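Please look over the chain shown below, with its sequence beside it.

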Amino acid sequence: MPYLLPEPDTQLRQLTEAIADHWPEAPPYGGRFTEIVPHLTIAQGQEDAVLEEIEAGFADRLPFTSHVASIELMVHDGVQWQERASFALGG
């Protein structure tokens, strides 16, 4: 699964930890991982050849700079991911 790691990740890590502390009954990733790793998933669920092609397509475009203005709460219903809510972040 190709993904990108933000640098620095401190603010996103702290935000995730605060959310997890507030709602301990719903830990990130269902509690499967002990360490929170903020990331941006690029692709998931495709064949290896497709994932490799996607990953190669990003190689010459990295690194890049971006500003996070909002976060979306995504919910998986067992079949697909859907946006449940969007939250604006302070600038």
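A43 counts as buried because its relative accessibility is 8%, where buried means under 20% relative accessible area, exposed means over 50%, and partly exposed is what falls in between, computed with a 1.4 Å probe on protein chains only. The model is predicted, and local features therefore need pLDDT of at least 70 and side-chain atom pairs count only at pLDDT 80 or more, while totals for chains, interfaces and linings use all residues. Residues are numbered from 1 along each chain as its sequence is written, and side-chain values use heavy atoms, with hydrogens and water left out.

**Surroundings of A43**

- A43 sits in the loop between β2 and α2 (48–59), where helices (H or I, at least four residues) and strands (E, at least two) are DSSP runs numbered from the N terminus.
- Leaving aside residues up to four places away in sequence, A43 touches M1, P2, L51 and I54, a contact being heavy atoms within 4.5 Å.
- From A43 to E55 the C-alpha to C-alpha distance is 8.7 Å, at a sequence separation of 12 residues.

**Chain and confidence**

- The protein chain has two helices and four strands, and along the sequence these follow the pattern β-α-β-α-β-β.
- Taken along the principal axes, the C-alpha atoms fill a box of roughly 40 × 35 × 25 Å.
- Of the 91 residues of the protein chain, 8% count as buried.
- Among the contacts in the protein chain with a separation of 6 or more, 41% are between residues 24 or more positions apart.
- The mean pLDDT of the protein chain is 87, with 99% of its residues at 70 or more; pLDDT is the predictor's confidence in each residue, from 0 to 100.

**Pairing of β3 and β4**

- β3 and β4 run antiparallel and are joined by seven bridges, two strands being taken to pair if DSSP finds at least two bridges between them.
- Within this pairing, V75 has Q82 of β4 as its bridge partner, and E72 has S86 of β4.
- The hairpin of β3 and β4 has four residues between the strands, and in this hairpin G78 takes a positive phi near 100 degrees.
- β4 is hardly covered, since the count of buried residues among its eight residues is zero.

**Loops and backbone geometry**

- L5, in the loop between β1 and α1, counts as partly exposed because its relative accessibility is 48%.
- Not counting residues up to four places away in sequence, L5 touches V37, P38 and H39, whereas L5 and L89, 84 residues apart in sequence, lie 19 Å apart from C-alpha to C-alpha.
- P8 is also found in the loop between β1 and α1, and a cis peptide bond with omega of about -5 degrees joins E7 and P8.
- A cis peptide bond also runs from L62 to P63, with omega near -5 degrees, and P63 lies in the loop between α2 and β3.
- Y29, in the loop between α1 and β2, has a positive phi of about 55 degrees although it is not a glycine, and this residue is partly exposed, with a relative accessible area of 37%.

**The largest pocket**

- The largest pocket holds about 2,400 Å³ of space; a pocket is an open set of points on a 1 Å grid over the protein atoms alone, where a 1.4 Å probe fits, with protein on both sides within 12 Å along at least five of seven lines, and lining residues have an atom within 4 Å of a point.
- The lining is made up of 49 residues, of which T16, Y29, P38, H39 and E72 lie nearest the centre of the pocket.
- The elements that give two or more residues to this lining are β1 (3–4), α1 (10–22), β2 (40–41), β3 (70–76) and β4 (81–88).
- By residue class, the lining divides into 31 nonpolar, 13 polar and five charged residues, with Ala, Val, Leu, Ile, Met, Phe, Trp, Tyr, Cys and Pro taken as nonpolar, Asp, Glu, Lys and Arg as charged, and the others, Gly among them, as polar.

Key. Points joined across faces, edges and corners; volume = space filled by probe spheres on them.
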